[in-house]
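User: Could you take a close look at one helix of this model for me, and then show how the rest of the chain is arranged around that part? I would welcome the cut-offs behind each term as you go.

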Amino acid sequence: MWTSEMTIMMLDGVKETLFMTLLSTVFGYLLGVPMGIALAVTDQNGIRPNAVVYKILDVVANIVRSIPFLILLLLLMPVTKMLVGKTYGTAATVVPLTVAAAPFIGRMIESSINEVDRGVIEAAQSMGAGTMTIITRVLLVEARTSILVGVTIALGTILGYSAMAGIVGGGGLGDIAMRYGYYRYDEAIMFVSVVLLVVLVQIFQTLGMKMSVKLDRRKR
């Protein structure tokens, strides 16, 4: 029978999931945006080609992205312990989530910037704009709609990662689904946890798409 305690537990799970997802996304973008810009700028077709820098960033991004999240979570436990003081709970889960998200976000930023019309970049260069000016005033501005769509994708992906962290006591809805749903054979808790995760993804998706449409000058 569903009780008020279960309802409170689910609400706490939603709060913890949102905390992990949003904070990890913020930190992921703090690391991923510079990486993505550097990848796009130093690419052979970028505004400042640099094969060495690009190759290093490319290898780092590919290596981290190729490691399954659960394995990455375990590998980073010593780092998590050092930074947070423990290896379980919502705060601890933010560390591996951020590391997993950063290269993924970096690749999306790179892809968004590469979509910018080359003619716009050449026009800025012909007017004497420097590298930083082109990055901040041209590349990021022109790619903002695509970048915002990427934020929506990143939120959904990180939310999924946070649920997987429940296997090792990461907190949130994934933890509830594992501890109370799977291990205790409580199908109701398992079902509600999954539904709530789906609802959160849909909310992020809807809000993100609405904001991207508003920012897309081509649809005005």
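Analyst: Happy to. Let's start with α5, a helix that is mostly covered: 21 of its 25 residues are buried. Buried here means under 20% relative accessible area, with exposed over 50% and partly exposed in between, using a 1.4 Å probe and protein chains only. Helices are DSSP runs of H or I with at least four residues, strands are runs of E with at least two, and both are numbered from the N terminus.

A word on the ground rules: this is a predicted model, where local features need pLDDT of at least 70 and side-chain atom pairs count only at pLDDT 80 or more, while totals for chains, interfaces and linings use all residues. Residues are numbered from 1 along each chain as its sequence is written, and side-chain values use heavy atoms, with hydrogens and water left out.

Now to the geometry of α5. At 1.5 Å a residue, its 25 residues should span 36 Å, and the end C-alpha atoms are 35 Å apart, which agrees; the expected span is 1.5 Å times one less than the number of residues. There is still a kink of about 25° at alanine 101, shortly before proline 103. That bend is the angle between axes fitted to the seven residues ending at a position and the seven starting there.

Next, the packing. A nonpolar core is a set of buried Ala, Val, Leu, Ile, Met, Phe, Trp, Tyr and Cys residues joined through side-chain atoms within 4.5 Å. In the largest one, which has 31 residues, Ile47, Ile105, Ile109, Ile121, Ile134 and Leu139 touch the most other members. Two or more residues each come from α1 (4-42), α3 (69-75), α5 (90-114), α6 (118-126), α7 (131-142) and α8 (144-164), and α5 gives the most, with eight. A second, separate core of 13 residues includes Met9, Val14, Leu173 and Ile189.

Isoleucine 134 shows the contacts in detail. Leaving aside residues up to four places away in sequence, Ile134 touches Ile47, Ile121, Ala124, Gln125, Ala129 and Leu139, where contact means heavy atoms within 4.5 Å.

On a 1 Å grid over the protein atoms alone, a cavity is a set of points where a 1.4 Å probe fits but cannot get out, a pocket is an open set with protein on both sides within 12 Å along at least five of seven lines, and lining residues have an atom within 4 Å of a point. Points are joined across faces, edges and corners, and a volume is the space filled by probe spheres set on them.

The structure holds one cavity of 30 Å³ or more, and the largest cavity has a volume of about 60 Å³. Its lining includes Leu73, Tyr88, Pro96 and Val168. Both α4 (77-84) and α5 supply at least two lining residues, and the largest share, three residues, comes from α5.

Finally, the wider setting. The protein chain has 10 helices and zero strands, and 43% of its 220 residues count as buried. Of the contacts between residues at least 6 apart in sequence, 74% join residues at least 24 apart. Along its principal axes, the C-alpha trace spans about 70 × 45 × 25 Å.
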